[in-house]
Amino acid sequence: MDKIFITRNWHVDAVKLLENHFEVIVWNNSNSPTEDDIIKYSKGCFGVFSEFDDIITKNIIDSSDQLKIISNRAVGYENIDINTAKLNKIRVGNTPGVLVETCADFTMGLLLDLARNITYSNRAVLKGNWKSFNQTPYLGTDVYKKKLAIIGLGQIATAFSRRAIHGFQMDVSYWSRNRKINLDNELGLQYIDNINDLISSCDYLSIHCSLTPETYRIIDKEQFMLMKNVKLINTSRGPTINQDELLIALNNGNVESAALDVTDPEPPDYNSELVNHPKILITPHLGSGSRETFNKMALMAAQNIINVHKNHEMVSEVIID
Ligand code: GLV
């Protein structure tokens, strides 16, 4: 029987599904295995089922003897050396689609939290600072009919825009590599072809673009200087913003508060000023983390492996140019 190595012990249903077809070796730990461990346990395996923070290096891929598929339980796959995978004729799978609505819910949660200082005021309560009825240190801003700017209009940002428009009648503008005229018409979105124009007049800014050389620090000093009391949400990838400049922008008021579900690096430096800033809310890369979606992504990653084994098309394959 062919073997699979799965790099966490979290996925009971996915393991059951895989066990119908393979001998499954489960890394019995909730932390990522080291490079040496991945090399050791994936020896002789047909597939590796990986998580977003397993760094699947050239060394791992070159050391594997039977490997046919690396199946990442994530949409992103920057943790995998895909060029070496291609050279070794190893296919790579990912799990887009199933997480869209879950990530959109989460993004809306972060926006509402920033708008009304929910985490900020909770921290004050935990310090014993609720002494009498006094809202004044925590007054936030409305969401209803406010201006939301979006960078990168993929599936998640589209689902988020629907919530913002249908639920809160927000005025939504976006910049994206490609204009989406159908969505402009359907949802009443406004496309703005210059990021600096987009961000200079918004109340809320949400970043959704994938990380590429073009989007690395797409929000940098120049952009922060143009903002006025913006509430910033980043659920894409940490390096899309310059975090040192974010700290300056928070201190001088260009950014009123920020919610980061992604940081650069991950996890962040706990002693840094940014992490400890009262107007920063950091969550541990949790956008897709509902129980339902966690499981759906695991089942999809398992199915990708099964499909390669059966010579069927993968549910989602990363096409390596
Ligand atoms: C998470 O960030 C993912 O790429 O699925």
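Predicted model: local features only at pLDDT ≥ 70, side-chain atom pairs only at ≥ 80, totals over all residues.
Arg237 uses its side chain instead, placing a polar atom 2.8 Å from an oxygen atom of the ligand.

How much of the ligand does the protein bury? On its own, the ligand would expose 190 Å², and the protein buries 86% of that area.

## The shell around the ligand

Let's look at the surroundings as a group. The residues around the ligand are Ala74, Val75, Gly76, Leu99, Arg237, His285 and Met297. Sorted by class, this shell holds four nonpolar residues, two polar ones and one charged one.

## A look at Lys180

Now for another spot in the chain. Lys180 belongs to the loop that links strand S7 (171-175) with helix H8 (181-187). Is Lys180 buried, partly exposed or exposed? Its relative accessible area is 28%, so Lys180 counts as partly exposed: the buried class is for values under 20%, and the exposed class for values over 50%.

Which residues does Lys180 touch, if its neighbours within four places in sequence are set aside? Its contacts are Leu153, Gly154 and Tyr174. Leu153 is 27 residues away from Lys180 along the sequence, yet the two C-alpha atoms are 7.9 Å apart in space.

Terms used. Residues numbered from 1 in each chain as written. Heavy atoms only, no water. Helix = DSSP H or I, 4+ residues; strand = E, 2+ residues; numbered from the N terminus. Buried < 20%, exposed > 50% of the residue type's maximum accessible area, 1.4 Å probe, protein only. Contact = heavy atoms within 4.5 Å. Near = heavy atom within 4 Å. Polar contact = N/O pair within 3.5 Å; in protein donor to acceptor, adjacent residues only side chain to side chain. Areas by Shrake-Rupley, 256 points an atom, 1.4 Å probe, with all protein chains shown as cover. Nonpolar A, V, L, I, M, F, W, Y, C, P; charged D, E, K, R; others polar.
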